[in-house]
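Notebook open, structure loaded. I'm jotting down what I look up as I go.

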Amino acid sequence: MDNGIEILYFSKIGDIPLSCLDKPYFLEPEDSKINRKLYSLFNGLFAVQNSVAVVKATIKGHEHFGILRHDKSGIILQFIEKSTNLSIDIEKTDYSDAEIKQLSEIAKDNLKDFTFDELKNTYADKVKKLIEAKSEGKVIEVITKETKQL
């Protein structure tokens, strides 16, 4: 097969390490009634079950492993990139039901739709301002901060 996607199995989205996922590619169904119906069925299934399809995708003769997952805009294919198995052992801590409830309420009260509007790259803006100031002949004051060794 030169191009195609084979579903290997289904998994919960939370079982897939986010660090292993490459950039997303939006898929759209081929123009036929059956393809649009299957596309819609799978997209709905992924959303309701909070699941993904683990797939083998063949593109231009090259095999890639990935996942198909739900998105508001449709089905997304994301390739799985193998990563190192670095992990941190996090000590289990005890917490009360009241602490869980409090954190749940904070998260619920602050839950909103994701948007890029609040994600501004201020570092790039600051560098541009420094470059403009330097080109205008202004003196740039360098402020150093102490760093801690790990």
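Predicted model: local features only at pLDDT ≥ 70, side-chain atom pairs only at ≥ 80, totals over all residues.

Which backbone oxygen lies 2.7 Å from a polar atom of the side chain of Gln78? I looked, and it belongs to Asp22.

**Entry 1**

I placed Gln78 first, and it is in strand β5, which runs over residues 74-80. Buried or exposed, I wondered, for Gln78? Gln78 counts as buried, because its relative accessibility is 7% and the cut-off for buried is under 20%.

**Entry 1: Phe79, next on the strand**

I then checked Phe79, also found in strand β5. Phe79 is buried too, with a relative accessible area of 10%. Which residues does Phe79 touch, not counting those up to four places away in sequence? I noted Cys20, Leu21, Asp22, Tyr25, Ala57, Ile59, His64, Phe65 and Gly66.

**Entry 2: salt bridges**

How many salt bridges does the count come to? I get three. Background reminder: side chains of opposite charge can pair when their charged atoms come close.

I started with Lys56 and Glu6, where the closest N and O atoms are 3.9 Å apart. Lys56 sits in strand β3 (residues 51-59) and Glu6 in strand β1, so this pair ties together parts that are 50 residues apart in sequence. Lys56 is partly exposed at a relative accessible area of 22%, and Glu6 is partly exposed as well, at 36%.

Lys56 turned up again, this time in a salt bridge with Glu63, at 3.8 Å from N to O. Glu63 is exposed, with a relative accessible area of 52%.

The remaining entry on my page pairs Lys138 with Glu136, at 3.3 Å from N to O. Lys138 counts as partly exposed at 48% relative accessibility, whereas Glu136 counts as exposed at 55%. Which residues do salt bridges with shared partners join into one network? I wrote down Glu6, Lys56 and Glu63.

**Entry 3: a nonpolar patch**

I went over the surface next. Leu8, Tyr9 and Phe65 make a nonpolar patch of about 310 Å².

I looked up α2 (residues 97-109): 13 residues, reaching 18 Å from the first C-alpha to the last, close to the 18 Å expected. Why do I say that α2 lies largely in the open? Because the number of buried residues among its 13 is zero.

Helix α3 (residues 122-135) has 14 residues and reaches 20 Å between its first and last C-alpha, close to the 20 Å expected. The number buried among the 14 residues of α3 is one, so α3 also lies largely in the open. Just after α3, I noticed that Gly137 takes a positive phi of about 85°.

**Entry 4: the whole chain**

Last, I stepped back. The protein has three helices and five strands, and along the sequence they follow the pattern β-β-α-β-β-β-α-α. Of its 150 residues, 16% count as buried; Gln78 and Phe79 are among the buried ones. The accessible surface comes to about 13600 Å², with 55% of that belonging to carbon and sulfur atoms. I also checked contacts with a separation of 6 or more: residues 24 or more positions apart account for 62% of them.

Methods
Residues numbered from 1 in each chain as written. Heavy atoms only, no water. Patch = residues over 30% accessible without salt bridge, like charges linked within 9 Å, V, L, I, M, F, W, Y side chains within 5 Å. Areas by Shrake-Rupley, 256 points an atom, 1.4 Å probe, with all protein chains shown as cover. Salt bridge = Lys/Arg side-chain N within 4 Å of Asp/Glu carboxyl O. Helix = DSSP H or I, 4+ residues; strand = E, 2+ residues; numbered from the N terminus. Expected span 1.5 Å × (residues − 1). Buried < 20%, exposed > 50% of the residue type's maximum accessible area, 1.4 Å probe, protein only. Polar contact = N/O pair within 3.5 Å; in protein donor to acceptor, adjacent residues only side chain to side chain. Contact = heavy atoms within 4.5 Å.
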